[in-house]
Structure formats: structure tokens, C-alpha cells
Amino acid sequence: MVIPHKGIGDLIWHLPYIRAIAARSAGGQVTVIARPSSRAKELLSAEPAVSRVIEFDRRPRGDEGIRGRHDGWREQWSFARELRSLRIGRIYIFSGRFRHGLLARLAGVRLRAGFGFTLPERLFLNVPPYIQRHRGPGNWVYPEATAFALAHGLVTSPVVPRMNVPQDLVLKMGAQLADLPRPRYAFAIGSSDHRRNWGAERFAALAEALADTGAGVLLLGGPAEQALAERIVAAVPARLQTSVRPLCQASVLVSAA
């Protein structure tokens, strides 16, 4: 199956449909093709429905001006040849772009299902039904993925995504956070676009209000958010700072745990 969207959250929204396809596949597993920016190799490492992750590195998110490994047509042709060697029999393309159907056809995939929004895309697909673009409010990724899964009979109703987290990490983080007061609130302080960042002052004000009630606050982010987390903690009154804990590190699975 192909998940061309860029973000980590985009990948999470597809989890129930990855499992639904795997349930109908040989050995109960699938191969997932995803962009490196989705962190699929790490996020799906604890997912029994996934046998392997193949990265399609075309114009990765946040790397403007940096060429991806599969940006050019020559590189994409080479990528298609790599896929051909895997002898993939069926592919589900969670996308409305004709490029992915073309690559699947060049890779020799016999059964190719995709969104099929346009005629050019349908030229390279051969497993209907097709779906319509999401026209309602909010983000389109999950509604379109759900509509596709429903149309192909993979599920009978929308499925709320739940990711698998290695139990040893859960136990490790439970011990590490044992002294953090309850109830606990997690702030996801990172953003792929600086315009989406709420700002240290607002995060600190909310953290102070929650900590003042006796709650614990966990500041979740990657290494790039470490300085922001430190500013948030510094803006909280000293008497409450032990109730506000930064956890800014590289592993998404650790954050999930």
C-alpha cells in the first residue's frame, strides 16, 4: 500500500486501513511505501501487520531546496524497477495523484487500486470503485482514506486509529514519569510550520494553570523543540516547575509511550 502524505499524523490516520488490507493479504502482512518525513519505519516497527517499509523520498517535507533521492523521473524509474523485483501482486494507493498509479504500473503490479479522482489517474488504475474528493470541513486525509477503504469493502465503518507501542517502552516511560503528578496533560509543542506554533507564553500560561490545580504537564517534542520547552518551563513559577516536564527527543515511539 502507498501512503504519499508527508506527516506523522497522516500516517497514523491510515493505521486501521493498513491492518484491514493486511488481514486480506498473504501472511497477514503488507508492504508500506511512505515518505521519510512520515517516520513510517519507526512508527510501524511495532506493527505486526507490516512486513516492511519502503521509503519514497520525493521532495521531503521541510527540506525545501534539498533534492530527494527520488525527485527526478530517472530516479523514479529506478524506484519502479526496485518495486518490480518484489513481485507485488496488488497495490492500494491512498492518493489522487496519477504519478503513483504510473509507478505501480511500471513496477508490474497487476492489480492497482487508487482514489481515481481524475481520468489521467484512472488510466493507470484497474481496480474500481473510485471515490470523490473530500469537500467538507477539516482535513481531507482521514475522510478520503476512510471513503476509499469503505468503497473497497476493507471496513464496514470508519475506524478510529490506535497505534501499537512496544510494551518495554511503555514500562520504561512509566518508571521515568512516576513522580509526575496526576492527572497528566501532554502538550505537543512542535509544529512543521512555525505559523502553527502556539508560542511559549501561551503554553506556559496553560501549564501554570493546570499545574496550579495539582496536575502534571508533559511537554512533548523533538530535539528541535528543546529550547522552546526550556522557555516554557522557565516562564512557569518556580514553585510549579517540578510539575512541568520536558520530553524532547528524537523517537516518536518514546513520545507515544
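R133 is partly exposed, with a relative accessible area of 40%. Here, buried means under 20% relative accessible area, exposed over 50%, and partly exposed in between (1.4 Å probe, protein chains only). The model is predicted, so local features need pLDDT of at least 70 and side-chain atom pairs count only at pLDDT 80 or more, while totals for chains, interfaces and linings use all residues. Residues are numbered from 1 along each chain as its sequence is written, and side-chain values use heavy atoms, with hydrogens and water left out.

R133 sits in the loop between α6 (119-122) and α7 (141-151). Helices (H or I, at least four residues) and strands (E, at least two) are DSSP runs, numbered from the N terminus. Together with K6, R97 and R135, R133 forms a positive surface patch. Residues of a patch have over 30% relative accessible area and no salt bridge; like charges are joined within 9 Å, and nonpolar side chains (Val, Leu, Ile, Met, Phe, Trp, Tyr) within 5 Å. Lys and Arg count as positive, Asp and Glu as negative; His and the chain ends are not counted. The place of a charge is taken as NZ of Lys, CZ of Arg, CG of Asp or CD of Glu. Accessible areas come from the Shrake-Rupley method with a 1.4 Å probe, and for residues only the protein chains shown count as cover.

The protein chain holds 11 helices and eight strands. Its C-alpha trace spans about 65 × 40 × 35 Å along the principal axes. Of the 257 residues in the protein chain, 46% are buried.

The largest nonpolar core has 32 residues. Such a core is a set of buried Ala, Val, Leu, Ile, Met, Phe, Trp, Tyr and Cys residues joined through side-chain atoms within 4.5 Å. M1, I18, V32, L44, Y92 and F94 touch the most other members. Two or more residues come from each of α1 (8-13), α2 (15-23), β2 (30-34), α3 (40-43), β3 (50-55) and α7. Helix α2 gives the most, with six residues. In soluble globular proteins, nonpolar side chains tend to be buried together.

The whole structure contains six salt bridges. A salt bridge is a side-chain nitrogen of Lys or Arg within 4 Å of a carboxyl oxygen of Asp or Glu. One of them joins E42 and R39, with the closest N and O atoms 2.9 Å apart. R39 counts as partly exposed, at 32% relative accessibility.

Another salt bridge pairs E55 with R69, where the closest N and O atoms are 3.7 Å apart. E55 lies in strand β3 and R69 in the loop between β3 and α4 (73-84), so the pair ties together parts that are 14 residues apart in sequence. E55 is partly exposed, with a relative accessible area of 23%. R69 is partly exposed too, at 48% relative accessibility.

The side chains of R239 and D212 also meet in a salt bridge (3.2 Å, N to O). This pair links distant parts of the chain, 27 residues apart: R239 is in the loop between α10 (226-235) and β8 (244-248), and D212 in the loop between α9 (200-211) and β7 (216-221). R239 counts as exposed, at 59% relative accessibility, whereas D212 is partly exposed, with a relative accessible area of 48%. Elsewhere, salt bridges that share partners join E55, D57 and R69 into one network.

Helix α10 contains A234. At 58% relative accessibility, A234 counts as exposed. The C-alpha atoms of A234 and A204 are separated by 8.4 Å, and the two residues are 30 residues apart along the chain.
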